[in-house]
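Hi,

Here is the structure I promised to pass on. Have a look at it first, then read on for what turned up.

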Amino acid sequence: MKAVLIERPHEVAYVDLDRPAAGVGEVVVRSHVAGVCRTDLEMLHGGLTDPRWVRFPLVPGHEWSGTIAELGEGVDDLAVGDRVVCEGMIPCNRCRRCKEGETQLCLNYDQIGFTRSGGYGEYVLAPRHVVHHLPDEVSFAAGVLVEPGSCVLRGIERCRLRPGETIGVIGIGTLGALALTLARLYAPGALVAYGVRSAELEFATTLGAHAVVHVTEEDAVTATQSIVGDGLDVVIETAGAVEAVELATRLVRPGGRVLLLGIAGEGKTLELPADRVMFGDMDVVGSCSYSTSAWSRVVQLLERGLVDLDPIVTHRFPAARFSEAFDLMDDRRGVVAKVLLEHVT
């Protein structure tokens with residue numbers, strides 16, 4: 001099979017590998033499309049190398065969808081050809097975190113695309129218990145977005161959004177686009193997008209933002225007050241920058257909630273007035289990854305036609321042209337939300 005292989009940091013190639021075989025309780029899935037994520041580039045560029053979380057050589061791809069190609073012994077509730085999406089995190093379902101429903105905090109970490117080969121390869125080996133049916137009416141591209149969508153949905157649910165509340169989203173990449181899309185389910189009184197490029201702010205309006213703020217051209221706090229008054233009920237930070245985290249704490253109203261979804265970078269320091277959170281009476285929620293239950297809810301939203309994730313896909317490349325996709329993610333020219341690699345057979 002063909003696959004994008006990171007042999008070690010800074011060494012990547014499109015190569016031929018042996019196709020995996022399904023063992024007991026496993027399936028082999030033919031990957032149709034895979035999403036390019038910033039963490040994939042972090043692994044390539046040497047920013048993510050801890051052997052607890054990443055094992056080289058590695059076929060990346062934790063956001064992907066495809067069809068069942070082979071069933072292992074004991075798997076009798078799926079059929080070859082079934083359309084599926086697979087959780088990247090592989091919970092053991094035995095540890096105390098898993099038993100409490102917090103599968104994202106499983107104490108026995110294992111993840112497709114990080115410690116196991118992922119969807120950048122034409123075929124992927126997965127345990128049956130992480131495989132979900134992808135409804136026929138849902139595209140493979142939308143299936144790719146179930147993984148990041150589940151991360152966003154779990155965070156939003158933890159913030160207890162209520163109809164009529166004012167919501168701000170900082171950053172209009174994949175997570176920001178998903179946050180705008182999913183926040184609309186809660187009938188917000190105002191949905192405001194914050195970005196650094198005019199093109200991405202225009203994109204945010206197509207996704208349902210009621211107002212946009214260009215943070216490098218206007219004072220974000222003053223602009224927000226002109227839109228919603230004393231501040232936002234909920235601010236969702238997805239940009240993954242220290243400056244964005246600090247801004248979120250200034251945009252939220254007294255008694256509001258801040259949701260941090262972006263990865264601002266290990267070793268970077270956030271400086272805030274010591275009493276800002278206390279005097280602001282704010283809740284600050286850090287939400288990392290997704291749970292199995294959140295994943296299932298995103299699939300259900302797609303199946304019922306309550307969300308449309310296809311508009312979030314902005315670029316597609318054949319897998320063999322992965323380097324062009326990586327360069328685009330690095331440069332972020334124009335509007336770059338979800339970039340896909342497609343396997344051509």
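Start at Ile 312: leaving out residues up to four places away in sequence, Ile 312 touches Leu 145, Ala 177, Leu 178, Thr 181, Phe 203, Leu 207, Ala 337 and Lys 338. Contact here means heavy atoms within 4.5 Å.

Before going further, a word on the source: this is a predicted model, where local features need pLDDT of at least 70 and side-chain atom pairs count only at pLDDT 80 or more, while totals for chains, interfaces and linings use all residues. Residues are numbered from 1 along each chain as its sequence is written, and side-chain values use heavy atoms, with hydrogens and water left out.

Back to the inside. Ile 312 is one of the residues that touch the most other members of the largest nonpolar core, together with Ile 156, Leu 180, Ile 236 and Leu 309; that core has 50 residues. A nonpolar core is a set of buried Ala, Val, Leu, Ile, Met, Phe, Trp, Tyr and Cys residues joined through side-chain atoms within 4.5 Å. Buried means under 20% relative accessible area, exposed means over 50%, and partly exposed is in between (1.4 Å probe, protein chains only). Two or more residues of this core come from each of α3 (140-144), α4 (146-158), β8 (166-170), α5 (174-183), β9, α6 (198-206), β11 and α10 (292-303). Those labels are DSSP runs numbered from the N terminus: helices are H or I with at least four residues, strands are E with at least two. The largest share, 6 residues, is given by α5. Another core, of 41 residues, lies apart from this one and has Val 59, Phe 322, Leu 328 and Met 329 among its members.

How much of α5 is buried? The count is 9 of its 10 residues, so it is mostly covered. They are Thr 174, Gly 176, Ala 177, Leu 178, Ala 179, Leu 180, Thr 181, Leu 182 and Ala 183.

Helix α7 (residues 220-228) has another pattern to look at. Its buried residues are Ala 220, Val 221, Ala 223 and Thr 224. Seen down the axis of α7, they fall within an arc of 160 degrees (taken from the directions from the helix axis to the C-beta atoms), so they line one face of the helix. In general, an α-helix has 3.6 residues a turn, so residues three or four places apart point the same way. The cover over the buried residues of α7 includes β9 (190-195), β10 (211-214), β11 (232-237) and α8 (242-251). At the N-terminal end, Asp 219 caps α7, with a side-chain oxygen 3.3 Å from the backbone nitrogen of Val 221. After α7 comes Gly 229, which has a positive phi near 100 degrees.

Two of those covering strands are partners: β9 and β10 pair in the parallel sense over 4 bridges. Pairing requires at least two bridges between the strands in DSSP. In this pair, Tyr 194 stands opposite Val 213 in β10. With α6, the two strands make a right-handed β-α-β unit, where right-handed means that, with the strands pointing away from the viewer, the path from the first strand over the helix to the second runs clockwise.

Next, strand β4 (residues 64-71), where Glu 70 is found. At 24% relative accessibility, Glu 70 is partly exposed. The side chain of Glu 70 reaches the backbone nitrogen of Ala 22 at 3.1 Å. This is a polar contact, a pair of N or O atoms within 3.5 Å; within protein, one must be able to donate a hydrogen and the other to accept it, and residues adjacent in sequence count only if both atoms are side-chain atoms. Glu 70 and Val 27 are 43 residues apart in sequence, yet their C-alpha atoms are 5.7 Å apart.

Ser 65 also lies in β4. Is Ser 65 buried or exposed? It is buried, with a relative accessible area of 0%, and its side chain reaches the backbone oxygen of Phe 140 at 2.7 Å.

Last stop: Asp 77, in the loop between β4 and β5 (83-86). Asp 77 is partly exposed at 45% relative accessible area, and a polar contact of 2.9 Å joins its side chain to that of Arg 128.

Cheers
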